[in-house]
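Subject: Structure handover and findings

Dear colleague,

Please find below the structure that I am handing over to you. My findings follow it.

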There are 2 protein chains.
Amino acid sequence: MKKVILASTSTLYGGGYLDYLLPTLKKHFENVKTLLFIPYARPSGISHDDYTSKVSHAFSKINIAVKGLHEFDNPIKAIEETQAIFTGGGNTFLLVSQLYNFNLIDALKKAINNGTPYLGCSAGSNIGGKTMNTTNDMPIVLPKSFDTLGFINFNLNPHYLDPIEGSTHMGETRETRINEFHKLSSIPVLGLREGSWLEAYGDNVIVRGELTARLFRQNEFPVEIAPGENLNFL
Amino acid sequence: MKKVILASTSTLYGGGYLDYLLPTLKKHFENVKTLLFIPYARPSGISHDDYTSKVSHAFSKINIAVKGLHEFDNPIKAIEETQAIFTGGGNTFLLVSQLYNFNLIDALKKAINNGTPYLGCSAGSNIGGKTMNTTNDMPIVLPKSFDTLGFINFNLNPHYLDPIEGSTHMGETRETRINEFHKLSSIPVLGLREGSWLEAYGDNVIVRGELTARLFRQNEFPVEIAPGENLNFL
């Protein structure tokens, strides 16, 4: 059975890296001894080694060892053989470019759809959607395609931000940008606020955390989806 | 002589469309009777006709007639023959996709480098830089390339926002994103705050408006550039 968690963010304000998710991950990664980490999104340009160390430290708290995907000569084989996979946040354009450059898209889809438990945070969650068209990141590199892994039947907008009341800034709000996407595409988009995550187990897609998530569909008014609701109707 | 104005935004908070720029545009477009408008960026998904009407209304205040590029059967010929060009804001990915789809990049470069006066706002300014890698927009469509018109020897980040003090949001700041770009590229990036514009006449590139602009260079601390300073050293 597919076991996927897609989180809006890795870190809550004032908390440590992955701290708020650890109780959930302990269950999600039950019986996992070693996890494969995909460091390609490089937040703030951090090196693959440094990023993997940071992740290693967090997972040591639930007794899981971490290996970086960049450490393997044959990354496809590493994906096929691992017990679990985590893709960290950073820049989605860089992440997706590298997944295409190393020809990893099909291997990831196959392993994870066949039951290798997966965790994504931020950019690592974006790639769990159908396409990366609704990332917030800066296009620092041009990927071959915007198509991503499609573990859910819609797209995500992580770190979702409500319009700021009284703002005098004339740049587009998040909602305006998502509406622009819906002039071109009918793929639904879920705005996932910080502290929220999706639990996609088998065919169910449950909203988790304490906040509602905002669902945008083409030609419809956006609606709020409460924690515990199932998005398997999309 | 090349005569290019690249503005951070079309509209200041509380003001009308292009209002704050009209005194500047009156001089910039001296002797221009008809202007060609490129509506492809479609802010909020507005139609090409509606966008062109809005622009027409603003330019009527300085006695310039406006035709939308979408009205021409031969857009390359329209670019070659027009007295002036304006590209409006919206989504930079959509704008650049359309410029490549209609094969307009070379025609625009040629006309504007040969002296056809140009105005860009927001997305229309982004394309005046070397690449669109530092846009803030959402990647709602995949362009063939991120290379743009290169009227200046660096990139822009329009609607530049300083980090918000005391923010608890864990998404990347604008500065963090630009630093991520500089892990991959040595192209300088100018953060242009709302109300600022660049005047690129011949080889000079002068910062205009009342605010400083923030210049980011690879492996250097960012610096503030005062209005009136010339960026021709880049």
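**Chain A as a whole**

Among contacts in chain A (heavy atoms within 4.5 Å) between residues at least 6 apart in sequence, 69% join residues at least 24 apart. Please note that this is a predicted model, in which local features need pLDDT of at least 70 and side-chain atom pairs count only at pLDDT 80 or more, while totals for chains, interfaces and linings use all residues. Residues are numbered from 1 along each chain as its sequence is written, chains are lettered from A and ligands numbered from 1 in the order in which they are written, and side-chain values use heavy atoms, with hydrogens and water left out.

Chain A contains 7 helices and 11 strands; these are DSSP runs numbered from the N terminus, helices being H or I with at least four residues and strands E with at least two. Its C-alpha atoms fill a box of roughly 45 × 35 × 35 Å along the principal axes. The radius of gyration of chain A is 17 Å, which agrees with the value near 17 Å for a compact globule of 234 residues (taken over C-alpha atoms; the globule rule is 2.2 Å times the number of residues to the power 0.38). Of these 234 residues, 58% count as buried (under 20% relative accessible area, with a 1.4 Å probe and protein chains only).

**Nonpolar core and cysteines**

The largest nonpolar core has 83 residues; such a core is a set of buried Ala, Val, Leu, Ile, Met, Phe, Trp, Tyr and Cys residues joined through side-chain atoms within 4.5 Å. A:Leu190, A:Leu198, A:Leu231, B:Leu190 and B:Leu198 touch the most other members. Beyond its neighbours within four places in sequence, B:Leu198 contacts residues including B:Val4, B:Phe154, B:Leu190 and B:Leu231.

The structure holds 0 disulfides over all chains (a disulfide being a pair of cysteine sulfur atoms within 2.5 Å). A:Cys121 is buried at 0% relative accessibility, and B:Cys121 is buried with a relative accessible area of 0%.

**A sheet in chain B**

In chain B, an open sheet of 4 strands runs in the order β6-β7-β10-β11, with mixed pairing (strands pair if DSSP finds at least two bridges between them). Strands β6 (155–157) and β11 (223–225) of chain B are at the edges with a single partner strand each, so one side of each lacks a neighbour in the sheet. Strand β6(B) runs parallel to β7(B) (residues 189–191), joined by 3 bridges, and B:Asn157 stands opposite B:Gly191 in β7(B).

Kind regards

Notes: Buried < 20%, exposed > 50% of the residue type's maximum accessible area, 1.4 Å probe, protein only.
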